[in-house]
Structure formats: structure tokens, C-alpha cells
Protein chains: 2
Amino acid sequence: MAPVAAVTRWRLLLVLSAAGFGAVGAPKPPNILLLLMDDMGWGDLGVYGEPSRETPNLDRMAAEGMLFPNFYSANPLCSPSRAALLTGRLPIRNGFYTTNGHARNAYTPQEIVGGIPDGEHLLPELLKGAGYASKIVGKWHLGHRPQFHPLKHGFDEWFGSPNCHFGPYDNRARPNIPVYRDWEMVGRYYEEFPINLRTGEANLTQVYLQEALDFMKRQQVAQRPFFLYWAIDATHAPVYASRPFLGTSRRGRYGDAVREIDDSVGKILSLLRDLRITENTFVFFTSDNGAALISAPKQGGSNGPFLCGKQTTFEGGMREPAIAWWPGRIPAGQVSHQLGSIMDLFTTSLALAGLALPSDRVIDGLDLLPAMLRGQLTDRPIFYYRGNTLMAVTLGQYKAHFWTWTNSWEEYRQGIDFCPGQNVSGVTTHTQEEHTKLPLIFHLGRDPGERYPLSFASTEYLDALRGVTLVVQQHQKTLVPGQPQLNVCNQAVMNWAPPGCEKLGKCLTPPESIPEKCSWPH
Amino acid sequence: MAPVAAVTRWRLLLVLSAAGFGAVGAPKPPNILLLLMDDMGWGDLGVYGEPSRETPNLDRMAAEGMLFPNFYSANPLCSPSRAALLTGRLPIRNGFYTTNGHARNAYTPQEIVGGIPDGEHLLPELLKGAGYASKIVGKWHLGHRPQFHPLKHGFDEWFGSPNCHFGPYDNRARPNIPVYRDWEMVGRYYEEFPINLRTGEANLTQVYLQEALDFMKRQQVAQRPFFLYWAIDATHAPVYASRPFLGTSRRGRYGDAVREIDDSVGKILSLLRDLRITENTFVFFTSDNGAALISAPKQGGSNGPFLCGKQTTFEGGMREPAIAWWPGRIPAGQVSHQLGSIMDLFTTSLALAGLALPSDRVIDGLDLLPAMLRGQLTDRPIFYYRGNTLMAVTLGQYKAHFWTWTNSWEEYRQGIDFCPGQNVSGVTTHTQEEHTKLPLIFHLGRDPGERYPLSFASTEYLDALRGVTLVVQQHQKTLVPGQPQLNVCNQAVMNWAPPGCEKLGKCLTPPESIPEKCSWPH
């Protein structure tokens, strides 16, 4: 897992940037702070049109920075999206997908056997080449077995959990999720780290905030550039907030969680100001996938005017709120219509650090600095996968669907609805509909809600199809899928006895090892 | 039609305001500038989350002023909404409704016999009591027969048309709509005032912009306070823009129209700055009803996250973009969650002018100055009518539907869809569903899209119902409906021979007079 040879290009970059947009401070690459939300939707921020407008700090961050209204996750589900962020590669390449069924979403529950492959280069590993200290605060979600531990993949510090904060479990059929500090667990959710499902009270966002503030202060004292990956999860069901925020939102408990996050982001940016490192700290805010409409209205967010939500490859499933903030470098109050991807945060971070991209593999992320610093727009496709199936692609303003599916009739009849209140005939289908020969194409500018497929006979359709076909053919011709990591499950690999459990007296006995195909219903 | 006795209270107001929020200039009541859009939706502005974000001037207006995310029209259709704005009264009171069918929307097409009753006091009539010069630029829509002429109802000047810019007609079965300057027509749409339906080109917004700028400059020279009602219609189908704006939007022709309007608003606010009268000019931007989704995606706008559009009493039909701007008086960058109504512009304008409200009738509008100047919130209901049927009411965060209906199955099967891509079971119904005994209640904060009715058995439902019931009983007990103006149609009353037609040689011969019940299908 040694990082590839890294050419330190950042001195050159700083010289260029000094010429282009301002004075340069210490000869140190900028700090990188990624604020990654969990199941937060495009429409959850005031600046993105949320009617209650309860995110003054994030709205101010946008006013001081650059908004990306056309920014996408790499998958409509958490684990693959996060793996893509940290590898700069599509889940189909880095292995975060399943082949157990056609076009199935998969992630890393406790029983998953797989995780991030050793062969993948993660961003914090590579950033070591430029002297960065790296910390992950919050949810890892790239595999919870020992070989997948974030400190084995480049992070220097970790405070958080390997899986979602589901529970409470009985520690017999299923253990509660551990919370780690660095190498060892320090407790479990619903035990040492309580979440009150009835009231929604949990102080975790405050804890994660303190972890972030402390880390940044320490790195500033040490004069080390830092990479902080703040992957908090208060907006993922079960949604929670700490007591001072409970009941304060016009939007209910979900809004309470958003308000606490907004307040925390305000405090993080304030610290950067207080430490006088705003001009040397690149901050990016986004989310891992669209709002989970199955949990709405009490535990799910908003995808604004977009179609459907998490789990789907419609815009509501993968278009994300995104704000870049770097006062003095990124011009204030700008909007970029660059098609952006969560994978771009990998490539952009390496560019910021003056590091070369790994040259032995395909990297899907784009360097966003030209867009952010010079308003440049680069043509690039956005691919929408479900499992190993390419469901759709966006190119310019056109989105082509090769497959449409929400979920099965069986699930839908049980009340599992990824598109509540929405129904576009022939589009939000409950059977997997193939359109690979003649894709459904939408113009996302005129029709962001994907309601009006272009007429197959129109010149506009034929022109768009021509462009899309070329890009997809090229993509598929050169694609080498990684070994699928999300096929095999086993109750024995759950978090029974994480490292450090002995000290706490919290080791549990795993059941017999029975590997089986994971069941991915949608 | 003499205005009621007007007590000039504005000196007192100015003294109070000087104490409260800054120095006072000349002892003259502030100018009032109402920018009323046509069929523009809540979601059409960048500041309201439109993804293409093409309204920099309106977004800046919001940043410098106050945003009202909970602002409503008085009707989901144009004429009643405009009558409500200018009278401060619900259409059921001022006569802008029909009783020809149950819960039917009605407006003022060319064949309408009715119009604004003489007994109604219009805002410009009343503002004469404080010395205002008043002009309407654009669409009147309060009746086109001679007795309804805007200059007979308080306006000093008019440039625009009495009806929608539908056409072109053949001037045999149906005349083209006239365009008036003051008392007389100066031409007709598609003749002297061309609109190219193929290309979407028309220079009308530029003409309306010049009319506005000229009027304001003249009043400034004359040192008269002015009331300018800028009721432009480029976003009403057929949507149009002038050549420099055509093809410039990411959103297609509708976006071109929005961009031209945004540019025009920028020029209007610039003129106020150039004339140094920003601190003495109150500006309010809003729209007459929700976006016309039947015209989407090419000729209709966006209602953001809200349900359905124009013609319906769901949020998408009646919640409007709204921005108040008065630098130095209204604090910059604020958001008010006051439930606001287009009728409040009547009451607020009278308060600004220091005039008393008419005391001989019910006024539904609220004075928004306490909300705008002091951030005060006042409890008040929003009533949603269709014809003479109270369909719904919003009180605080709760909206109760007494009737649900989109349109008939017959229309829907013909492809007339007021809720494209949206379908909430039991809510977006195609038969008129009565819920007067047990209304469907939604919490608009958690559920702005009206997708999840509260459980009838919940405490929350019962509490909300209690509040709503009291307010509705009080409303209905005291309600005295006006004489319905929108019941009778007659081909003979169309714009065959408007005043001034002789000079232009453009008089047409009306057919035989045959009054009949207007047909209002939805």
C-alpha cells in the first residue's frame, strides 16, 4: 500500500497561483478539509432553496465561496460513494459493487466480508507524500474487518465508526456498532455513545465537532499541512441532534440535525479564521448520496426539484449540494456549472498538494482547480451505476438513461418507496426497463426533474444520442472492473470483537462462520 | 369611486421610522414599486434554488433585502390574484370568481362580461389621497370593457394590455388583443406589437422596461411620490424574450424570458440608485400564481419542491417567490417566515403612504411593515379558494385541505396535467374529494411537498384541526361574497373596437350579442 512515487508539484502551483490570484504565505501546501454529509439532499440548504432556510452558516459559506449546482456523488449509496471519493475512481473500478444481482445497490453492513482492496491508493496515503497529517472523523464505511482499518489506509487518526449507527442491537444476534479512537474501539453506539431513538437526542455531532477543532489546532501548532475528512452522520436515519438543537427547527428532527451541522460548520470556519489559515485551507462541503426519501418526512431530507432519492440513479439519488470555500483564492459568490463529481475531490486534493496522480490506473476524478480558480468549464461525463450496471450518463445538459428502475413491485407494495409523491410514466419504473438501444434522454436545464424525455425523432435527441454514445463506448471499451467486494456476507465477521474490546471487557463471541451471498434487494 | 377619507398618517410613520431605523429625507411618503410576474414559480429564481441560477440581479435584490419564502397569491389564477392585490381583498369578496360550477377557477378572457366592480377601492385610487402618481405597465386583467379601464380605477397612466397575449387571431372569430397607452389603444399584439411564436422573439419586456424607467424619472423630476405597478408577462405562455436574450439560458426559452426580466429588474434598481431614491422607494417582487406546469418544460417554470402548479390549491399553485427591498430601511440579507399574501401589498402600501385602510369593508391584507422593519411575526391564515369554494387554509405550519382536486379525468386523459410527474394518492385527485369534516392536514415545514398527511388519530392532527376549525368558522361566519363577476361571457364584448381604434383604422365589427354562462372546466 505504499503510495506511488509523488512528484511534489506544489511549489510550481503556488508560484502560478501567486501570479494568478494573490500572495502566497508559507511554502506549505494548503490544508484540505472535506465536510462530507450523510444522506443530506441537494435541497436541504437554504442556498439550495430549502424553504425554512435554516442554514445561515452554509449559506454564508456559499456566499463567500463557489456553489456547484451540478455536482454528483459516484453512487446512490454510501459505501461506494465514499470509496470513490477516497480513491478518485468509480466503484466499478475500486470494487465497491456487487454482481449478486442485476443493477443492485450494495454497501458495507456488519456482515460484509469485503472492504477497500489493498491495491487501491487512498487519498490520505498519497497525501503523505507531501507531508500531510490525515484524520477521519465519523463514518468510515469502507469495510470494518481489521485489514480495512482506516489507519492501514493512510489516515493517521480516526474517531468514529466503521458502519452506520443502526441499532440498538442485543449483542447476541447482532453486536452494536463500535466507535473507534485510532486503532481501538472506545465503546459502542447505544452503550457508551447513546442515541435516544425516542427523543432523537445524541451529542455525537458535538463530539465530532470537537475532534475536528482539536485536530486542526494541533496541526496548526505542529505546522503540518492537514487533511481532515469530516464524515459525520446525523442526517442519516436514525437522525439525531444534541439537546440544544432538538425542537429548534421548523422542519422537525431532521431539521434539528441540519441546524446542528450548520452551526458546527460555522464553528469550523470560525476556527480557520481565528487561526488565520483561511487562505491556506481549502474547504469543500458535499454529501454522499441523495436524501433518503424512504425516511421522509421525519428522518429524511429534501432533493429539491429533483426526481426520487437515495438508491436511485435519478437526479435526486446522486446530485448533491456542493460548496467550495477558500477565501482569497476561490472568488466569492460564484456559481460554477462545471459537472462535478465526488471523485474530483481526490484529484483536486492531489493537485492542491502538488502531487502527481497515480499513473498505473484509471482515475475518474477531475481537477476542479481550473473551474474554481479561473471559472473554466471542462467537458466530462457523469456515470450513474447501480452495481455493475451503467444506468445512465450525463454529458453537458443531456442525461441518457440506459436502464430505469426504482425498486421492485414486491418492495413497493410493502411501502418501500424511493420516489414518494413522484411518478413519471415509463421512467420511475418498478421493473428493470432496458433502454440501451434507445436511451431515454432528458435536457436537465429545461427539465431538471426528468419528467419529459426528448422525442426520439427530434434532431435534439439524435444529436445528444450521438455524443453520449461515443462517450459510453469509450468508457466501456476500456473499463476493467475491479474484484467485486460486496458479494459475500458472513455473520461471523460482524463487529463482535473489535481491537481494544478486551481492555473494555466488550468482546463478544462470533457465531459459526458461514459465508453466503449477500442479499441486495434493490 | 372616490377614495374613502384618507387620514395622512405618514408624517407620524416617518417620525416613528426615523426613531426606529434611520434618518428621514424629504417629508414625502416613499415611492412604491410592485414588480408582479406572470406565472413565474417559486422555484424560478437562483435564490429559491433554481439549479441554473440565472437571476443574479434578483438574487442580489434578495441579498440586499428580505426574502419571504412563505408568501402566497390569493388565487391560483391570474385575474383573481391581481384583483386581490389591488383591492387587498379575497376574490370571493371583490367578485373575481364564478359560481358556474363547483370549485372552478375563472379569469378574464376577451369574452368576459364582468370586471372590477365600481364599488371596490383600488390601491391607486386610495394612494391619490397621499398625492401619488400611479402607473400600470403591462397586464391589467381586471376586465377590458370601458367601465373597467385602469384609468377609471385610479391609475394615471397605462401602457399595456387588458388581457393575456394569446393569439394570433384572425380578427374575425376573435380579435387580437389591443395594447393601450393610457385611454386609447395604440395597436394590437401580433400586429403593431409582434410576438414570433416560432422563435419566441418579442421586444415587449424591453418596451415595458423603458416605460417603467421613463415614468420613474418623470416623477422624480416632478418630485411626486409614485406608485408603479410593473405587471409584465414574458413568462406567461406564449413565452417570449427579445433577441439579445434568446438562446442565452441553460433553461431554454422560458429561461431566456427569466434572464431578460432579471436584467430588467437590475436596470430598474440601478436607476433608483442613480436617482438616489433607494431609501425612499419600497420595492416588492412577486408573481401572480404558481408556474404553469401544463406549459412545461419549454413554456413553463418551476415550483421548486412544491406540489403541482397553477390552477391548483396545492403549494405549487399559490406559493410565490417574494422579495422586499428598501435599502437602509429593510435590513439586508434577512429571511422572514411571516405568512404573507399578495393582498398584503395593498395594506402595506397604504401604511407606507400613511393612509388609513377603508373602514367600510373587510380588508384581508396585512401590513407587512412590522415583519419587514422589526422582524415581527403575526399569526394569520392563508385561504386557498377555487371559485367560491374554500379548498384549504394554512395556519402557522399546518395546511388543511377541505377539498382536493387537480382537474377532471376527462381533461387529464386529454393530456392536461397540472401536476406532471407528481402523484400523491388521495391528494392529487381527479375527482373533487370532500374533506370538510376531516380535512387532510400537512405540516409544511417537515413536508413542504404535501406528501404525508398527518394521521387523523395523532395529537398533532387534533391540535392543528382545533386551531384551523376556529379560524375557518370565523371566516365563513362573517363572509359576504361579492357579486360574482366571472359568470357571464359574450362574444360581442371582445376587443373588437377599443377606444382609439378609429384613429388607427383598427375597429372591427362585433357579432350579435349573445350572453351565456362562461364555461370553466377546472
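Here are a few friendly notes on the cores and aromatic contacts of this predicted model.

1. Residues are numbered from 1 along each chain as its sequence is written, and chains are lettered from A in the order in which they are written. Local features need pLDDT of at least 70 and side-chain atom pairs pLDDT 80 or more, while totals for chains, interfaces and linings use all residues.

2. Start with the largest nonpolar core, which has 130 residues. Such a core joins buried (under 20% relative accessible area, 1.4 Å probe, protein chains only) Ala, Val, Leu, Ile, Met, Phe, Trp, Tyr and Cys residues through side-chain atoms within 4.5 Å. Among those with the most contacts inside it are A:Leu35, A:Met61 and A:Phe227. Helix H7 of chain A (residues 253-274) gives the most to this core, with 9 residues. Another core, of 129 residues, lies apart from it and includes B:Ile177 and B:Cys518.

3. What does A:Phe227 touch, leaving out residues up to four places away in sequence? Its contacts (heavy atoms within 4.5 Å) include A:Ile32, A:Leu86, A:Lys135 and A:Phe215.

4. Over all chains there are 38 aromatic pairs, meaning Phe, Tyr or Trp rings (six-membered ring for Trp) with centres within 6.5 Å. B:Phe282 and B:Trp326 pair edge-to-face (planes over 60 degrees apart), at 6.1 Å centre to centre and 85° between the planes. These two residues are 44 residues apart in the chain. B:Phe282 counts as buried because its relative accessibility is 1%, and B:Trp326 is buried at 4%.

5. In chain B, the charged end of B:Arg174 sits over the ring of B:Tyr169, 5.4 Å from its centre. For Arg, this requires CZ within 6 Å of the ring centre and within 35 degrees of the ring normal.

Key: Side-chain values use heavy atoms; hydrogens and water are left out. Buried means under 20% relative accessible area, exposed over 50%, partly exposed in between (1.4 Å probe, protein chains only). Helices (H or I, at least four residues) and strands (E, at least two) are DSSP runs, numbered from the N terminus. Rings of Phe, Tyr and Trp (its six-membered ring) pair if their centres lie within 6.5 Å; planes under 30 degrees apart count as stacked, over 60 as edge-to-face and the rest as tilted.
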